Structures are given as structure tokens and as C-alpha cells.
Amino acid sequence: MTCFKISKKYALGLFNAFLVLAANFSAHAQEDASAKNDSPWSYKLTPSVYAAKNETTATDVNLRGNLGNHTVWIGEYVRGNAYKQTRVGYEYNANFPWGQMVPSMQLASKGFLGASLNFQIGGPTYLITGLGRTNLKDYYNLTFDPNDSYVIGLGSKAIEHHVFNLFAVKDNRLHTGQTVTHGVWRWQLSDSQRLVFDVSHKTGRLAQDTPSLRGNGISIAYDFGNHFVKLAKEQKVNFTDQDQTRFSAGIRF
């Protein structure tokens, strides 16, 4: 199997290219509005630690940049000398009278390429749906949901300061039966504080000829001012025999 490697210098070059591209899109799409309302870049830096009982502890550092409806990111995942992967990506948040559309793409070392298209359709209560595809190259999945999949669910913002989402991410390409169902509650405590709870349940196989697995997960995130922390525990992470604990802490600037 032929694959390519992306050096740090090349990955940074791609990241800068994404920044320029997003800035050009924003300049043309919001030319009139920008004269009245300047929208500077904002950033989110997230270092994370991933620990499992029978596996070397891994780290990941991710930097996201936002300009209006555009988001770009660059990150690097390292698990000792066993595994290392650098990634860059781009996402656009398009708002319409009927709801929201979010296309995204991601490129990573080891030859990986992935893309998704997600929708929220409706008003205070809305349909959640979407589709994801990859080129099936080697990739350590940091979403912990099937990537070659479709999404179906419902959400609601009918209660002030609260958002509720219930959705399932299902493999629809590799015949593994992988399904991860999420229940997410976002609670805006104040202008500067937010809690996010995500409980999940998974069923499915790592591959067609492997045993079926079941597992549960929970994550709790707390935003305070420009800072945030997140703790997650998950059984059978990425449909392996590993149970994993994850901790993230970061800053927005």
C-alpha cells in the first residue's frame, strides 16, 4: 500500500493556505458587512491526554482558527514511538432560513483524506442528519464515531439556555454494524460559563470478521471565561478492547 507523509513544515504551509483561503472567502461573502462590523480571527488551543490500561499514553495538540463562518485547524496526535499523525482541516458553517449546513474536509499524514456534510433542518426543534466519507487510509479516529457513516437524530433549543441533541452515527460502508448513539445536553449557565454533558452507547465490530462489542461513554466539559476543561471515559474506544480516559484543557484567544 502506497502512502505519503506530511512534514511539520508542509502541514504548517497547508494550514496557512487554509487561513488565506478562508480569509478570501470571508472578504468576498461579507464585503458590505465588514465595513460596519470587523470580525477578527479567534483561536482555540486544546492540548489533550489519552490514557488506556494496556497502551502507551498519547497526547494531542489541536489549534483551531475561526473567522466568521469559517474554521480551520491543525493538530498532531502522538502515542510514544508507536503512532504519530499530523492533520489539517477546514469547515464552513452556512446558515439558511430553513436551518444550517456544515461541509468539512480533513487531510492527515499517512495518506488520509476525509470529508463530511452535516445539516440541522428546522427551527427551535430540528432534524440532525449528515454523511461522512474517507479514502480508508490509516487514521487514528479522534471523533470516536464511525467516519464512513450517516447521522440521524433530533435536537431542540426550545428551553432557554439549554440545547438537547439525540443522534446516532451509523457505519454505512464497511459492513461492521458500528453505531454510536449520543445524548448531548448543553447548558449555558451564564455569559461566561457553560456545561456540556455527552453520554453515548456503542455497538458493532472493529471489522467484518471480529466479535461484536458493546460499550458506554460519558464526557463532561466546563467552559469558564476563555478557558475550558473536559473529562471523558469511554469503553471499547474506537471499537477496540481498550477502555480510555481522556482529559483536555485549553484556552480561547
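The side chains of Arg173 and Asp148 form a salt bridge with an N to O distance of 2.7 Å, the term standing for a side-chain nitrogen of Lys or Arg within 4 Å of a carboxyl oxygen of Asp or Glu. This pair joins distant parts of the chain, 25 residues apart, with Arg173 in the loop between β10 (162-171) and β11 (179-190) and Asp148 in the loop between β8 and β9; strands are DSSP runs of E, at least two residues long, numbered from the N terminus. Asp148 is buried because its relative accessible area is 6%, whereas Arg173, at 32%, counts as partly exposed (buried means under 20%, exposed over 50%, partly exposed in between, with a 1.4 Å probe and protein chains only).

The model is predicted, so local features need pLDDT of at least 70 and side-chain atom pairs count only at pLDDT 80 or more, while totals for chains, interfaces and linings use all residues. Residues are numbered from 1 along each chain as its sequence is written, and side-chain values use heavy atoms, leaving out hydrogens and water.

## Further pairs

The structure holds six salt bridges, among them one between Asp60 and Arg87 at 2.8 Å, N to O. Asp60 lies in strand β2 (residues 55-67) and Arg87 in strand β4 (residues 83-92), 27 residues apart; Asp60 is buried at 3% relative accessibility, and Arg87 is buried at 7%.

Asp223 and Arg252 also meet in a salt bridge (3.0 Å, N to O), and Arg194, Asp223 and Arg252 are linked in a network of such bridges.

How values were computed: Helix = DSSP H or I, 4+ residues; strand = E, 2+ residues; numbered from the N terminus.
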